[in-house]
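This report describes selected side-chain interactions and their surroundings. The sequence and structure are shown below.

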Amino acid sequence: MRNNFMVIEVWDKKTASQNDQLVGIVKISLHQFYMSFRDRKIQTALLKSEYPVIGIDNYLPVINSFTDTRFGKIKELQAMGSGDQVSALQHIQLETKTSVVMTKRPASYLERQHLNIQDKENGLHASKDKVVEHTF
C-alpha cells in the first residue's frame, strides 16, 4: 500500500441509453494504512482496538480527467480493520445520522420559495453558495 492510490470513478448513468459518461475521478492515497500497519507490534495492537484505522473521513473533489476541472465532491470514509471493528464504526455512523435533525426537504422547486420566505421571516439568510446534497 506504500505510495499506492485508490481511484473512484464517478459516472453519469443513463437509464434509457447505453451512452454512460465518465464525469470524473477521485484519487485517494492508501499511504496512511501502510504507515499504520507496517510494524507487526503496532498492527496487532490496532487490530485489538475497538475501532478500525480511519484513512480519510472528508469531502473529496471529483475531477474531470479530460478537462482537469472540478465537477463536485463526494463524502468519503475510508477505514481498515477487522470485520468487528468496521461494524462498530458503521454502528456509530448510523447513530450519528439518526440523531441529527434532518432538514425539511421540499418536494419541488416551488416549495423552496416558500421555505426561503419562512427563513427570511425567522431572520435566517440563505447562503450564496448553492449546494446540492445527494444521500445514497
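## Basis of the description

A residue is termed buried under 20% relative accessible area, exposed over 50%, and partly exposed in between (1.4 Å probe, protein chains only). The model is predicted, so local features need pLDDT of at least 70 and side-chain atom pairs count only at pLDDT 80 or more, while totals for chains, interfaces and linings use all residues. Residues are numbered from 1 along each chain as its sequence is written, and side-chain values use heavy atoms, with hydrogens and water left out.

## Salt bridges

Two salt bridges are present in the structure; the term denotes a side-chain nitrogen of Lys or Arg within 4 Å of a carboxyl oxygen of Asp or Glu. One of them joins K75 and D57, with an N to O distance of 2.6 Å. This pair links distant parts of the chain, 18 residues apart: K75 belongs to strand β4 and D57 to strand β3 (residues 53–64). Strands (E, at least two residues) are DSSP runs, numbered from the N terminus. K75 is partly exposed at 47%, as is D57 at 40%.

K13 and D20 form a salt bridge at 3.0 Å, N to O. K13 is exposed, with 59% relative accessibility, whereas D20 is partly exposed at 29%.

## Surroundings of T69

T69 lies in strand β4, which spans residues 69–80, and is partly exposed at 42% relative accessible area. Beyond its neighbours within four places in sequence, T69 contacts V62, I63 and N64, where contact means heavy atoms within 4.5 Å. The C-alpha atoms of T69 and G24 are 8.8 Å apart, across a sequence separation of 45 residues.

Note on methods. Helix = DSSP H or I, 4+ residues; strand = E, 2+ residues; numbered from the N terminus.
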